[in-house]
Amino acid sequence: MMKAAVLNTPNGLFSIENIEIDHPKGREVLVEVKASGLCHTDLHIAENNYGFPLPAVLGHELAGIVKEIGPEVREFAIGDHVVGSLVQYCGHCEACLDGRTYQCEHPEETMRGAGEGQRLTLNGEPVLPMFGTAAFAEFTLVHENQLAKVPKELPFPQASVLGCGCVTGAGAAINTAAIRPGDTVAVIGVGGVGLNVISGARLAGATRIIAIDTQPAKEELARRFGATDFVLAGDGDHVETVRTMTNGGVLHAFEVVGAKSTIEQSVKMLRKGGTTYVIGMPKPDNPISVDALEDVLLNQATIKGVYMGSSNIKHDIPMYANLYLQGRFNLDDLISKQIDIDEINEAYQELKNGGIARSVITRFWPNS
């Protein structure tokens with residue numbers, strides 16, 4: 001029996017309940033969750049009906065300690081410190097063999113098959129372990145392909161954000177966009193992922209990194225991660241402001257909000273030959289409108305969807321962990337507050353209000 005935040009209906013609210021967790025089978029790893037970040041993606045899923053069966057345990061930014069391993073586990077041992085990710089990959093399809101594990105054709109192979117029993121149950125009934133991570137709980141069972149080993153000196157709260165916010169944001173800049181020294185960048189949405197886009201762009205050598213947000217207080221935070229400029233959205237025509245600042249537009253525009261309006265605005269910010277990277281998670285059935293002639297064809301622009309920063313988590317998560325330990329990658333300022341699991345609904349309300357980067361669950365029982 002363990003404590004978990006369970007989503008029973010898509011109303012954005014979590015119920016704190018005691019549920020059962022099985023022992024690891026095959027290549028599964030039982031992880032004691034020491035930190036679980038509250039990512040906006042989980043909030044989107046909690047508030048909208050994407051067709052996932054409920055009840056479910058969400059959460060995919062996790063860091064913890066290996067407590068038990070399945071009989072076929074090859075990479076991990078009891079006591080290892082690990083970070084989990086929602087990148088699910090089989091390891092043998094064409095995409096995986098080509099190094100594109102984030103485009104795996106058979107991610108379901110990381111989950112249990114028919115007749116193998118349930119990882120999580122509540123009163124004998126199945127509970128969905130969302131994305132195979134189910135990190136809003138004291139313990140979680142995760143396929144070893146979704147875990148990466150990290151140095152034990154890395155603090156758990158900082159480690160947890162490596163699994164999504166970091167690899168998604170920094171990876172989008174470094175892997176997907178392949179930013180080069182001298183490039184110009186705009187980042188719409190300065191939350192946890194947007195801040196990591198800024199970090200990645202700085203690491204890659206971008207000389208102009210423009211952060212755009214509706215919250216004036218985000219300016220100081222964005223600059224700590226490497227933004228060279230800040231534009232307050234809603235204060236005049238911020239699209240034209242960006243185009244003026246960059247003499248015609250940026251080469252890379254990252255949309256990290258997931259809204260129709262900001263995706264369309266990001267396309268308008270591009271210089272000729274530029275690319276918009278859609279990172280934010282839109283609501284279902286939310287088409288965008290662009291001028292195919294002016295905005296795309298004549299401007300030679302690209303609109304590209306980004307999943308998990310095109311990351312290979314086995315390589316990228318340890319890399320960012322070491323960069324942090326070397327003082328070259330900012331994770332400390334991503335952690336706005338550490339909370340009890342019972343505070344998850346209040347913390348998500350704060351995230352919706354836009355005033356914080358990340359809350360991280362680090363306590364599951366009083367005085368833990």
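Residues are termed buried when their relative accessible area is under 20%, exposed when it is over 50% and partly exposed in between (1.4 Å probe, protein chains only). The model is predicted, so that local features need pLDDT of at least 70 and side-chain atom pairs count only at pLDDT 80 or more, whereas totals for chains, interfaces and linings use all residues. Residues are numbered from 1 along each chain as its sequence is written, and side-chain values use heavy atoms, with hydrogens and water left out.

In helix H6 (residues 238-245), His238, Val239 and Val242 are buried. Viewed down the axis of H6, these buried residues fall within an arc of 110° and therefore line one face of the helix, the arc being that of the directions from the helix axis to the C-beta atoms. They pack against strands S12 (208-213), S13 (229-232) and S14 (250-255) and against helix H7 (260-268), contact meaning heavy atoms within 4.5 Å. Just after H6, Asn247 adopts a positive phi of about 55°.

The axes of helix H3 (residues 156-176) and helix H9 (residues 313-325), taken as lines fitted to C-alpha atoms over the stretch in contact, come within 9 Å and cross at roughly 100°. H3 and H9 are therefore roughly perpendicular to each other, a class that covers angles of 65 to 115 degrees. Residues making this contact include Leu162, Cys166 and Ile174 of H3 and Ile317 and Tyr320 of H9.

Ala46 lies in helix H1 (residues 40-47) and is buried, with a relative accessible area of 0%. Beyond its neighbours within four places in sequence, Ala46 contacts Leu7, Thr9, Pro10, Asn11, Gly12, Phe14 and Leu58.

Notes
Helix = DSSP H or I, 4+ residues; strand = E, 2+ residues; numbered from the N terminus. Axes fitted to C-alpha atoms, helices over the stretch in contact; angles between N-to-C directions. Parallel < 35°, antiparallel > 145°, perpendicular 65-115°, else oblique.
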